[in-house]
Every structure is written in structure tokens, then in C-alpha cells.
Amino acid sequence: MASCWWRWRRCCSWRLAARRPGPGCPGRVGSSGTLSTAGAYTRMPYFNLVKSLKSTFPNVYRISRFHHTTPVACCCSKTWSGEKYIDPFKLGWRDLKGLYEDIRKELFISTTELKEMSEYYFDGRGKAFRPIIVVLMARACNIHHGNSRDVQASQRSIALIAEMIHTASLVHDDIIDDASSRRGKHTVNKIWGEKKAVLAGDFILSAASMALARIGHTTVISILTQVIEDLVRGEFLQLGSKENENERFAHYLEKTFKKTASLIANSCKAVSVLGCPDPVVHEIAYQYGKNVGIAFQLIDDVLDFTSCSHQMGKPTSADLKLGLATGPVLFACQQFPEMNAMIMRRFSLPGDVDRARQYVLQSDGVQQTTYLAQQYCHKAVREISKLRSSPERDALIHLSETVLTRDK
Amino acid sequence: MSLQQLLLRSSRYLGASSSSRRLWWSPLLDTTSKVGSWRGQSSRSPAHWNQVVSEAEKIVGYPTSFMSLRCLLSDELSNIAMHVRKLVGTRHPLLTTARGLVLDSRNNLQLRGLVVLLISKAAGPSSVDASCQNYDMVSGIYSCQRSLAEITELIHTALLVHRGIVNLNELQSSDGPLKDMQFGNKIAILSGDFLLANACHGLALLQNTKVVELLASALMDLVQGVFHENSTSTKENYITDDIGISTWKEQTFLSHGALLAKSCQAAMELAKHDAEVQDMAFQYGKHMAMSHKINSDLQPFVKEKTSDSMAFNLNSAPVVLHQEFLGRESWIKQIGEAQEKGRLDYAKLRETIKAGKGVTSAIDLCRYHGNKALVALESFPPSEARSALENIVFAVTRFS
């Protein structure tokens with residue numbers, strides 16, 4: 001059963017990777033032969049996936065009972081026995097001092113209102129989750145390669161750029177979703193209006209592109225450009241819904257990869273390219289970022305059901321209200337097929353949101369999604385463990401666990 | 001799968017047809033006497049804008065369809081098209097933009113790309129780089145320069161789409177249901193972002209960090225310029241900000257000149273021309289764009305038959321100049337006199353402005369920038385592409 005689950009998982013992640021063999025990913029392209037054959041092969045697992053899904057979901061449930069705590073415990077004990085606990089955020093932050101000041105310098109312009117708007121989210125109150133991963137990964141790769149362990153200036157720039165691209169996408173997402181609060185404050189669109197907010201997003205993106213160009217490394221530019229494309233494509237995926245139940249889950253995971261994981265995966269890859277010439281290391285960095293990123297978003301989707309709005313700094317059940325069926329809903333739908341109709345009409349009838357929420361909480365959708373997130377985290381840990389041991393590498397291992405246990 | 005094959009085939013087909021089109025045009029190009037005679041003629045009879053543009057398009061090899069096929073035939077764009085159709089019947093500005101993209105494409109929308117191609121051809125291959133890369137030249141233009149022209153259009157169009165977002169809390173009941181406008185915003189943001197993402201993708205493929213930096217800074221300028229434009233466009237009582245012509249020039253450079261100037265410079269960088277040639281290309285792009293903008297600002301004041309009540313932009317060059325000659329107080333008084341029951345009588349205000357010196361000095365300013373553009377062109381060797389660039393300037397600086 002476990003192997004069946006893993007086969008499905010692997011097909012799935014492979015499909016995500018293989019469908020977009022971006023420039024500068026020799027590992028992925030090479031593994032599936034030429035580009036055209038890769039295109040032909042991707043169809044296969046896709047249909048296998050569809051077929052195997054129905055039979056797989058019940059399995060997940062059973063395995064999850066069986067395995068629920070063991071894997072986490074074992075990877076913990078392996079790396080953390082006898083070692084002092086290091087907070088990854090503390091460790092990473094050493095290289096990020098002045099992060100927000102530096103970002104604000106990138107956004108320097110004479111138009112005061114536009115400046116104020118684009119600086120609005122760089123107030124130092126965010127988690128800086130992405131920059132932390134990026135600098136930790138930079139040090140882990142530098143040490144692995146035997147370089148000086150210090151973060152290079154160009155690698156630190158990637159941390160800034162990742163946070164800027166992320167913020168630019170938040171500004172646009174909030175307009176698209178007509179959101180009114182984020183990180184405990186009003187959104188840019190609510191304060192300044194949509195017309196100006198869209199330009200603030202564009203402005204942050206252009207400043208990020210400038211910073212990216214100044215690094216002066218064409219491969220790195222290609223890697224991070226992929227992120228911008230994925231973000232837009234992810235948003236398009238969110239626009240449409242799949243009628244076929246089985247396609248829905250693949251659709252959801254692909255969207256999750258594009259909207260969240262691609263940024264983390266590709267910025268990890270970018271710092272590894274800057275720190276180490278070995279393509280094997282680049283792939284490790286990419287896979288770590290991708291798996292942690294997907295886990296991060298899966299937990300985010302869980303928190304939308306389990307956390308209260310005060311903790312999150314944004315309203316909960318937000319996804320349902322937007323008509324989006326996330327992991328917990330899709331799992332719950334396996335137990336309560338009557339949810340299908342609601343998913344199809346995007347929870348648009350009065351009472352749909354509340355009813356769907358009740359169904360999810362009655363089902364084990366939350367546990368299943370959490371379990372899936374754990375699987376992604378284990379994959380991330382397995383990948384990063386291939387690097388030479390260092391405090392930063394271990395911090396990355398620990399970070400992947402904090403992703404699972406976070407409550408906001 | 002079959003769709004993909006179809007796309008692949010059609011792109012191949014277009015690739016092939018582009019070269020055959022070039023052959024089809026080439027007899028025209030060989031008879032340079034035609035271009036020459038047309039040029040000679042242009043000084044006498046007014047060369048119409050459309051004629052100038054269509055002649056220029058022949059010079060660059062194949063008619064310019066800048067939105068790349070990749071972009072036009074993608075799932076995302078057909079998705080957008082489907083959603084835009086839902087907006088028909090609402091009053092979301094995205095519809096106007098979309099309509100403009102289809103109908104107006106001959107006029108202004110592809111001008112930037114065309115100029116980038118012409119200046120690439122006018123500059124030719126650099127002496128440093130004469131040996132290599134020549135194989136991917138079509139009609140004297142490198143394929144990377146063609147991509148750049150396309151990227152320039154993508155960025156311009158993306159901002160055009162983002163300009164059309166509406167503020168939801170300022171909606172009038174005449175605008176239709178809130179839900180429609182919300183949906184329109186959503187699609188406008190997504191399609192603009194999609195175009196920008198395509199531009200980024202194209203830029204990354206050029207493998208030249210300096211070009212990426214130039215275009216990124218052009219985007220930064222453009223966003224700032226559009227931001228100024230948006231924040232000055234709607235004011236109560238029609239009282240405009242008190243900006244002098246020098247501020248106006250700065251802002252217009254950001255919103256209309258920077259993208260073309262920096263794209264022209266980037267086209268030179270791609271052919272490895274030195275800093276001096278790059279600067280001349282920048283100057284041409286900048287001054288041509290400025291005189292083009294002033295020309296279109298002047299249209300409501302110089303056209304023979306303008307429908308009288310037609311509104312014009314109160315932040316356009318002639319109005320700003322008029323205001324500067326007049327002084328702030330008299331201007332506010334004139335605006336007040338032209339208002340009736342809170343509505344501005346544009347016909348009346350137009351006559352007032354025409355009586356002042358604003359229009360003539362705007363024409364002078366247009367010609368000043370036109371001359372600067374022509375001077376910049378002098379550093380390029382004479383060629384049909386250079387003539388076409390000159391003709392574009394002649395067309396925008398002619399008022400009769």
C-alpha cells in the first residue's frame with residue numbers, strides 16, 4: 001500500500017517537474033531524454049494518476065494511521081540527537097540584517113505615494129520565510145562546495161528578490177480576490193484603491209527585475225523568470241475548475257506548486273547555482289524548495305479551516321469564500337460525495353461555505369492534508385540530507401518541520 | 001496533444017512563410033529608387049501616417065505581428081478571451097482596451113516595435129561582431145532584436161491593460177453591477193500579468209543582463225509615468241495640478257518616452273554597438289516618442305472638424321503650455337467660465353485655448369523634439385531604414 005501511495009506521489013511530482021522543463025534544468029531534461037519524448041511520456045503517468053487516485057485515497061487514510069508519527073520522529077532523532085537546538089529563523093536572520101531597509105532602497109523613487117504603497121508590506125512584520133530559506137540554502141551549498149561559508153552578496157540579493165516577487169504577487173492577488181486584510185492590516189487595494197494598487201504590484205516586480213539583472217548572471221535570471229511565469233499560470237489554474245473529480249487533485253497540486261512552491265524552489269536553485277557549480281546540488285536545492293513549498297501551502301490550506309482569523313492576520317475560510325476547493329475539501333469530498341455539487345458551483349449558494357466547512361471538519365480532510373504535507377516534508381529532508389552536514393543544513397531540516405507545526 | 005501539434009505546425013508554417021514573405025517584398029526593397037522617390041515626394045505632399053507606417057513595415061521584412069504566436073495561441077490567452085466575452089455589455093474599460101488591440105493595431109500599438117526594428121536595421125551589424133551571428137539575420141535584423149521588439153510591445157500592452165483597472169469604491173450606478181466590474185478587474189490584472197510574464201520570459205532568453213536591466217528600468221519608469229497620469233487625470237471641478245512644462249516633460253518621458261528610448265538602446269546593445277551608438281538610438285527613441293505624444297495631444301486643437309463637444313485631456317501639452325503663459329489664477333478663472341452646472345463645456349474651453357499661445361508653442365515643442373530625433377539619426381549611415389525613421393518624424397511634426 002505504501003508503495004502504491006508513493007508511486008502516485010512520485011508520478012505526480014514528476015509530472016509537475018516534467019511538464020515545465022525550464023531553461024537551465026539539465027537534470028530534469030536529461031533524465032527524460034529529449035524534450036519531445038518528455039512531452040509524450042508525461043501523458044502516461046497523467047492517466048495512471050487518474051486511474052490510481054480513487055484507489056489511493058482510502059490507502060492514504062490507513063497509512064496515515066499507521067505511520068502517523070514515526071517518520072517525523074526518526075528523521076528528528078537522526079539529525080538532532082546530541083545537537084543543540086538552533087532556531088532556523090535566528091540562524092538565517094544573521095545574514096538578513098537590514099533586509100527590509102535594503103528592499104526599501106531598491107524601491108527608491110521620487111513619487112512619494114507610489115513609494116509608500118510599495119513599501120507598505122516591507123514593514124518588518126512578515127515572517128520572511130522565503131528569505132530565511134534562501135540564505136540558509138546559500139550557506140548550506142557554499143559549505144557543501146567547500147567555499148567560504150559566508151553568504152555572497154549576489155546570494156543575499158536573491159533573498160531580497162524572492163521576498164519582493166512574493167510581495168508583488170500578494171498585492172495583485174489581493175486585488176483579484178478583493179481581499180481587505182493581510183498580516184493584520186488593511187490591504188493596499190482597500191487603502192489606495194485598485195487602480196493604484198495594481199501599479200504598486202507592477203512597480204515592485206520591476207524593481208525586483210532590476211535587482212535581478214544587476215546580479216549579472218543569465219542562468220539566475222532564467223531561473224527566477226520561471227517563477228514569474230509560474231505565478232501567473234497558477235493564478236490561471238485557480239480561475240478554472242476541473243469537472244473530473246480525479247483531475248481535480250492533480251490540478252490542485254499543480255496550482256499549489258506554481259503559486260507557492262515554484263518561488264521557493266527556484267530561489268533555492270538560484271543561490272545554489274551562485275554558490276556551487278555542481279548540477280546535482282542545484283537539483284537538491286530545487287527539490288528541497290519545491291517539497292517544502294508544497295508542504296507549506298498544504299498546511300496553509302489546513303490552517304484556513306483550523307485557525308481563527310486573529311491568529312492568521314487574515315480572515316479564515318477565505319478559500320471557500322473565493323470558491324476554491326483546497327486539499328481538505330478535496331479529501332473530505334471522498335467521504336461526502338454530496339460536496340461535489342458544491343465544489344462545482346464554487347460554493348456560490350447561500351450556506352454553501354458553512355456547510356462545506358462543517359463537512360471538512362467532520363471528515364478527516366484536515367488530517368489527510370496534514371499527512372500529505374508530512375510526506376512532502378520527508379522528501380525535502382531526504383533531499384537536503386544529501387548535502388554535507390552543516391548548522392545551516394540542519395536548520396533547513398528543522399525548518400521543514402516547523403512548516404508542519406506552525407499555527408499561523 | 002493534437003492541439004499542440006497543430007500549434008507546432010502552424011508556428012513552423014509561419015516561420016517558413018516569414019522568409020517567403022521577405023522574398024515577396026524583396027523586389028520592392030531592391031528598387032530603392034521607389035523609397036527614394038517616395039521620400040522626395042514626401043517633402044511636398046503630406047505623407048499620411050498610415051502610409052509612413054506601412055512603408056516602414058515593408059522595410060523590416062515582414063509585417064509586424066508582435067504578440068508572439070506562443071503568447072497568442074496559449075491556453076491562458078484563450079482563457080482570457082473567453083472571460084472577456086463575459087464582460088460584453090458591462091462598462092469595464094478592459095473591453096475598450098481589448099477592442100483597441102484588435103482595431104487600432106495598425107496605428108499606435110505596434111509603433112514601438114516597428115521603431116525598434118527600423119533602428120536595428122539602420123544601425124546594421126557592428127564592426128566588432130561582423131563575423132558571427134549573421135546567420136540569424138533576416139532583412140538585416142537579428143532575431144534577438146526581433147524578440148526585443150516583441151517584448152517592447154508586450155510591456156507596453158501590459159501596462160495599457162493595467163491602466164484600465166477601475167476603483168471599486170468609486171463606481172457609479174451607471175457602471176453596472178459591482179460583480180461585473182470586480183470580474184473585469186480580475187481579468188485585467190491577470191491578462192496584464194500574463195503579458196508581463198511573457199515579456200520576462202522573452203528577456204531571459206536574450207541572455208544579456210544589460211538588456212534585462214535596461215528593459216526592467218524602462219518598466220519601472222513606465223509604471224511611475226502611468227501612476228502620475230492616473231493620479232492627475234480625475235480631479236474635482238476640472239482643476240488640474242499646477243505643473244509647469246518641465247514637470248510635464250519629465251512625466252511624459254516616463255509614461256511615453258522611456259520604454260521606446262531604452263528599447264532602442266537595448267537593440268544596439270544586442271548588436272554589440274558601442275556606447276555612442278547606443279546613446280544616439282536612445283535619443284532618437286526618446287525625442288521621437290515625445291514629439292509623437294505632443295502631436296496626439298495637439299489633435300483636438302488642430303483638426304479641421306472636431307466634434308465640438310469632444311473632451312480633451314486637460315493635462316495635454318497645449319493646455320499645460322497655455323496655463324503656463326496665462327498664470328495659474330487666470331487659468332482657474334477660465335476653467336470656471338467654461339463650466340456650466342458643474343459640467344465643463346469643452347468646445348468653449350477649446351476656443352479659449354486656441355486663442356492663446358499654448359497651441360503654437362506646443363507645435364514648436366513638437367518640432368523641437370522632432371529635430372532632436374533627426375539629429376540623432378544623422379550618426380547612422382544613410383539607408384532606407386533610416387529614411388523610414390525620418391519619415392516617421394516628418395509625419396508627426398507636420399501640421400497643416
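**Salt bridges, a buried lysine and the chain interface**

Arg345(A) is partly exposed, with a relative accessible area of 28%. In this predicted model, the side chain of Arg345(A) meets that of Asp352(A) in a salt bridge, with an N to O distance of 2.7 Å. Asp352(A), by contrast, has a relative accessible area of 0% and is therefore buried. The bridge is one of 29 salt bridges that the structure holds over all chains.

Further bridges were examined in both chains. In chain A, Glu383(A) is paired with Lys386(A), the closest N and O atoms of the two residues being 3.2 Å apart. Glu383(A) has a relative accessible area of 10% and so counts as buried, because this value falls under the 20% limit. In chain B, a salt bridge joins Arg386(B) to Glu390(B), with the closest N and O atoms 3.2 Å apart. Both of these chain B residues belong to helix α18, which spans residues 384–397, and they are set 4 residues apart, or about one turn of the helix. Arg386(B) and Glu390(B) are both buried. Beyond such pairs, a network of salt bridges in chain A links Arg94(A), Asp95(A), Arg139(A), Asp150(A) and Glu392(A).

Chain A as a whole contains 21 helices and 2 strands, and 63% of its 408 residues are buried. Among the contacts in chain A with a separation of 6 or more, 76% are between residues 24 or more positions apart.

Strand β2 of chain A, comprising residues 185–186, includes Lys185(A). This lysine has a relative accessibility of 15% and, because that is under 20%, counts as buried. Its side chain reaches the backbone oxygen of Tyr120(A) at 2.9 Å, and the side chain of Lys185(A) also makes a polar contact, at 2.8 Å, with the side chain of Asp123(A). When residues up to four places away in sequence are left out, the residues that Lys185(A) touches are Tyr120(A), Tyr121(A), Asp123(A), Arg125(A) and Ser180(A).

The contact between the two chains draws on 43 residues from chain B and 39 residues from chain A. About 4000 Å² is buried between the chains, with carbon and sulfur atoms giving 71% of this area. On the chain B side, Leu190(B), Met220(B) and Phe227(B) together supply 17% of the area that chain B buries against chain A, which is more than any other three residues supply. The count of salt bridges between chain B and chain A is 0, whereas 9 residue pairs are in polar contact across the interface, with both residues at pLDDT 80 or more.

Four helices of chain B, namely α5 (75–87), α9 (143–163), α10 (178–205) and α11 (209–233), each supply at least two residues of the side that touches chain A. Of the elements on this side, α11(B) gives the most, with 14 residues. Sorted by class, the side of chain B that touches chain A has 21 nonpolar, 16 polar and 6 charged residues.

Key: Residues are numbered from 1 along each chain as its sequence is written. Chains are lettered from A and ligands numbered from 1 in the order in which they are written. This is a predicted model: local features need pLDDT of at least 70, side-chain atom pairs count only at pLDDT 80 or more; totals for chains, interfaces and linings use all residues. Side-chain values use heavy atoms; hydrogens and water are left out. Buried means under 20% relative accessible area, exposed over 50%, partly exposed in between (1.4 Å probe, protein chains only). Contact means heavy atoms within 4.5 Å. Buried area is the accessible area (1.4 Å probe) that two parts lose on being put together, summed over both. A salt bridge is a side-chain nitrogen of Lys or Arg within 4 Å of a carboxyl oxygen of Asp or Glu. A polar contact is a pair of N or O atoms within 3.5 Å; within protein, one must be able to donate a hydrogen and the other to accept it, and residues adjacent in sequence count only if both atoms are side-chain atoms. Ala, Val, Leu, Ile, Met, Phe, Trp, Tyr, Cys and Pro count as nonpolar, Asp, Glu, Lys and Arg as charged, and the others, Gly among them, as polar.
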